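Here is a briefing on the structure shown below. It starts at the surface and then turns to the fold and its contacts.

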Amino acid sequence: QWGQDLLPPGLAHGHWFGTDAIGRDMLARTLAGIGVSLGIGVGAGLLALVVGALVGGVAGYFGGWIDELLMRANDLLLSLPLMLIAILLIALFEPSMLLLVLVVGGFGSLDAARVLRIEARRLRSAEFMLASELQGASRWQQWRRHLLPNLLPVALTALGSVIPQAILVESFLAFLGLGPSERVGSLGTLLAEGVQDLQWAPWTLWIPAAALALVLLGFGLAGDALRSGLQRLTGVSA
């Protein structure tokens with residue numbers, strides 16, 4: 001809006017969180033940015049857990065050379081500069097929300113696979129797994145019908161750490177200008193814009209930074225609550 005650029009936060013002019021360099025309301029932009037970041041973060045987190053559960057579940061349950069092969073490949077990928085690889089991939093292709101979900105989700109699946117592999121190794125010797133084996137279930141049936149469903153509680157608690165990590169990675173990429181677009185800017189995009197106007201309008205940086213911190217804190221607290229609930233129900237550390 002003309003004459004509404006870089007208004008400080010206030011109630012008199014109707015822009016409670018102020019405006020940016022071209023007069024856009026910072027409250028509306030921050031809420032929209034939270035939506036974009038949550039969409040990418042939740043999508044990437046779910047993808048990371050699905051891939052991590054498959055890889056970790058197979059490695060932990062079957063063990064032997066399968067476990068060795070999958071975990072050595074996982075360790076190899078973890079040793080690579082994956083953030084640099086993610087930047088190169090996004091730079092080569094047109095940035096989009098789908099590409100960010102795939103890249104960030106693939107990045108997060110490596111840690112998820114390690115966590116869920118440990119749980120799968122514990123579950124494979126559980127009494128219900130031994131009972132199903134005595135009833136004639138094949139290893140594939142045990143893995144599909146019993147192991148994967150029982151990995152779900154631990155996978156849900158892992159969301160409390162996977163999603164914030166995905167949001168942080170996405171925000172960093174968007175801060176570097178590798179977000180989907182300015183039209184659907186995430187909190188990282190707002191942070192990048194706020195740095196440019198920090199000298200004249202510090203609220204354009206502080207407000208999205210505070211929103212990002214609150215989102216990360218909320219997921220951290222939710223993850224802790226889920227983990228504590230699982231420990232109370234099962235008596236096993238998640």
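Helix 3 (residues 82–92) gives the largest share of the nonpolar patch, 3 residues. Helices are DSSP runs of H or I with at least four residues, strands are runs of E with at least two, and both are numbered from the N terminus. The model is predicted: local features need pLDDT of at least 70, side-chain atom pairs count only at pLDDT 80 or more, and totals for chains, interfaces and linings use all residues. Residues are numbered from 1 along each chain as its sequence is written, and side-chain values use heavy atoms, with hydrogens and water left out.

**Nonpolar patch**

- The patch covers about 540 Å² of surface and is made by Leu-77, Leu-80, Ile-85, Leu-89, Leu-92 and Phe-93.
- Patch residues have over 30% relative accessible area and no salt bridge; like charges are joined within 9 Å, and nonpolar side chains (Val, Leu, Ile, Met, Phe, Trp, Tyr) within 5 Å.
- Accessible areas come from the Shrake-Rupley method with a 1.4 Å probe, and for residues only the protein chains shown count as cover.
- Leu-89 sits in helix 3.
- Leu-89 counts as partly exposed because its relative accessibility is 36%. Buried means under 20% relative accessible area, exposed means over 50%, and partly exposed lies in between (1.4 Å probe, protein chains only).

**Confidence**

- Mean pLDDT for the chain is 85, and 94% of the residues reach 70 or more. pLDDT is the predictor's confidence in each residue, from 0 to 100.
- Confidence is lowest in helix 3, with a mean of 82, and highest in helix 2 (residues 64–79), at 92.
- Where pLDDT is low, predicted coordinates should not be read in detail.

**Overall fold**

- The chain has 8 helices and 0 strands.
- Its elements run α-α-α-α-α-α-α-α from the N terminus on.
- Along the principal axes, the C-alpha atoms fill a box of roughly 75 × 40 × 20 Å.
- Of the 238 residues, 42% count as buried.

**Helix 1 and its ends**

- Helix 1 (residues 26–62) has 37 residues and should span 54 Å at 1.5 Å a residue; its end C-alpha atoms are 52 Å apart, so the two values agree. The expected span is 1.5 Å times one less than the number of residues.
- Asp-25 caps the N-terminal end of helix 1, with a side-chain oxygen 3.2 Å from the backbone nitrogen of Leu-27.
- Gly-63 follows helix 1 and has a positive phi, near 60°.

**Salt bridges**

- The structure holds 8 salt bridges. Each is a side-chain nitrogen of Lys or Arg within 4 Å of a carboxyl oxygen of Asp or Glu.
- One of them joins the side chains of Glu-193 and Arg-29 at 2.6 Å, N to O. This pair links distant parts of the chain: Glu-193 is in helix 7 (residues 187–196) and Arg-29 is in helix 1, 164 residues apart.
- Glu-193 counts as buried because its relative accessibility is 19%. Arg-29 is buried too, at 12% relative accessible area.
- Arg-117 and Asp-67 meet through their side chains at 2.7 Å, N to O, in another salt bridge. Arg-117 lies in helix 4 (residues 97–123) and Asp-67 in helix 2, so the pair ties together parts 50 residues apart in sequence.
- Arg-117 is buried at 18% relative accessibility, and Asp-67 is buried at 10%.
- Asp-75 and Arg-72 form a salt bridge at 2.7 Å, N to O. The two are separated by about one helical turn because they are 3 residues apart in helix 2.
- Asp-75 is partly exposed at 25% relative accessible area, and Arg-72 is partly exposed at 42%.
- Salt bridges with shared partners join Asp-20, Arg-24, Arg-29 and Glu-193 into one network.

- Met-129 lies in helix 5 (residues 127–134). Met-129 is buried, with 1% relative accessible area.
- The C-alpha atoms of Met-129 and Arg-139 are 9.7 Å apart, and the two residues are 10 apart along the chain.
- Thr-204 is in helix 8 (residues 203–234). Thr-204 counts as buried at 3% relative accessibility.
- The side chain of Thr-204 reaches the backbone oxygen of Ala-201 at 2.7 Å. A polar contact is a pair of N or O atoms within 3.5 Å; within protein, one must be able to donate a hydrogen and the other to accept it, and residues adjacent in sequence count only if both atoms are side-chain atoms.
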